[in-house]
Amino acid sequence: MSSSRTTENTYEAQNDQRLDELHSKIRTLRGVTTDIYDDAERQHLTLDDTGNAFSSLSTSLSQSSRRAAQAFGLSGAGGVRQMRIIMYIVGSVLALWLVWKTKGIWW
């Protein structure tokens with residue numbers, strides 16, 4: 001009887017030791033899982049912030065483009081059209097070229 005009692009105590013001690021090891025592994029696994037979750041949340045927030053920054057940049061760029069178009073009269077009814085601006089630029093370059101060529105004749 002004492003031999004079977006000793007064997008039972010030995011098995012019980014081994015079971016307790018294995019249970020402690022398993023509990024330790026579970027705690028480690030839980031810590032790793034928590035770290036992974038925290039890292040995923042941080043990355044999610046970073047991606048949200050980056051998306052918001054790009055949206056803000058896009059809105060700002062769109063507004064700047066619209067203001068520039070209004071300033072140059074490229075948009076809106078009754079404004080100077082793009083072709084008219086191109087013709088003004090070509091005409092002024094041609095006029096400057098003519099003045100430069102005629103300058104050589106007069107001087």
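This is a predicted model: local features need pLDDT of at least 70, side-chain atom pairs count only at pLDDT 80 or more; totals for chains, interfaces and linings use all residues.
Helices (H or I, at least four residues) and strands (E, at least two) are DSSP runs, numbered from the N terminus. Residues are numbered from 1 along each chain as its sequence is written, and side-chain values use heavy atoms, with hydrogens and water left out.

Accessible areas come from the Shrake-Rupley method with a 1.4 Å probe, and for residues only the protein chains shown count as cover. Of the 107 residues in the protein, 2% are buried, where buried means under 20% relative accessible area, exposed over 50%, and partly exposed in between (1.4 Å probe, protein chains only).

Now select Arg-18 and Glu-21, which both lie in helix H1 (residues 2–71), three residues apart, about one turn of the helix. Their side chains meet in a salt bridge (3.9 Å, N to O), a term that stands for a side-chain nitrogen of Lys or Arg within 4 Å of a carboxyl oxygen of Asp or Glu. Arg-18 counts as exposed because its relative accessibility is 58%, whereas Glu-21, with a relative accessible area of 35%, is partly exposed.

Stay in helix H1 and move to Asp-39 and Arg-42, again three residues apart, about one turn of the helix. Here the side chains meet in a salt bridge at 3.4 Å, N to O, and Asp-39 is partly exposed because its relative accessible area is 33%. By this rule the count comes to two salt bridges.

Then select residues 85–100, where UniProt, in an unreviewed entry, places the feature "transmembrane region". UniProt positions are given in the numbering used here, feature names are shortened, and annotations may be inferred rather than shown by experiment. The span is 100% helix and 0% strand, and its end C-alpha atoms lie 23 Å apart.

Finally, select Met-83, Ile-86, Met-87 and Val-90, which form a nonpolar patch on the surface with about 410 Å² of accessible area together. Patches are made of residues with over 30% relative accessible area and no salt bridge, like charges being joined within 9 Å and nonpolar side chains (Val, Leu, Ile, Met, Phe, Trp, Tyr) within 5 Å. Met-87 is found in helix H2 (residues 82–106), and Met-87 counts as exposed because its relative accessibility is 53%.
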